[in-house]
Amino acid sequence: MKIGNRFVNQSGFSAIVMVIILMIIGLSLLFGFHILVASWQKIAMTERRYYQQFNTASSSLSWAITQRWQRPKPHWQCQHELNLQLKVCIKQSNWSHDNAILVRGEANGFFLYTLAHLDNGKLIVHKGQWLDYCPEKRSHDCE
């Protein structure tokens, strides 16, 4: 009977070891899933921030054509709409020979550009709409 008891105790011990192993595997899977979800959240937040900035910069460009502007100069002239946090700037473009105006919509360091010309103080946007890069040949002309 003693041998039988010892066998029963050993079988109980192996069951406990099996439960501990399953718990370790389960915790490892949960930890891995947590890391995966955290990386997905980071990607989603980055995309969300990008689309918010893109939409704000795009709205700034749309708002710019409703404003009255003075003749552009070689340096940036900006207007702000405080309620919607829109900022748009214009300057004379070096890119084109037809007196094009470079229009820049801004949103927290994100910029969208378009080319336009001035007609009685109003901006008339050229075909092609917005650009996600500055069309000037030299990068310092965009700063």
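Two strands are taken to pair if DSSP finds at least two bridges between them, strands being DSSP runs (E, at least two residues) numbered from the N terminus. In this predicted model, local features need pLDDT of at least 70, side-chain atom pairs count only at pLDDT 80 or more, and totals for chains, interfaces and linings use all residues. Residues are numbered from 1 along each chain as its sequence is written, and side-chain values use heavy atoms, with hydrogens and water left out.

An open sheet is formed by five strands in the order S1-S2-S3-S4-S5, with antiparallel pairing. Its edge strands, S1 and S5 (122–125), each pair on one side only. Direction ignored, neighbouring strands of the sheet are turned by 35 degrees against each other on average, the axes being lines fitted to C-alpha atoms and angles running from 0 to 180 degrees between N-to-C directions.

Five bridges join S1 (residues 77–81) to S2 (residues 86–92) in the antiparallel sense; glutamine 77 has isoleucine 90 in S2 as its bridge partner. Four residues lie between the two strands of this hairpin, and glutamine 85 in the turn has a positive phi of about 60 degrees. Antiparallel pairing also links S3 (residues 101–107) and S4 (residues 110–119), over seven bridges, and arginine 104 stands opposite tyrosine 113 in S4.

One disulfide (a pair of cysteine sulfur atoms within 2.5 Å) is found in the whole structure. Cysteine 78 and cysteine 89 form this bond, with sulfur atoms 2.0 Å apart. The pair connects S1 to S2 across eleven residues. The torsion about the S-S bond is about 100 degrees, so the disulfide is right-handed. Cysteine 89 is buried, at 0% relative accessible area, whereas cysteine 78 is partly exposed, at 36%; buried means under 20%, exposed over 50% and partly exposed in between (1.4 Å probe, protein chains only).
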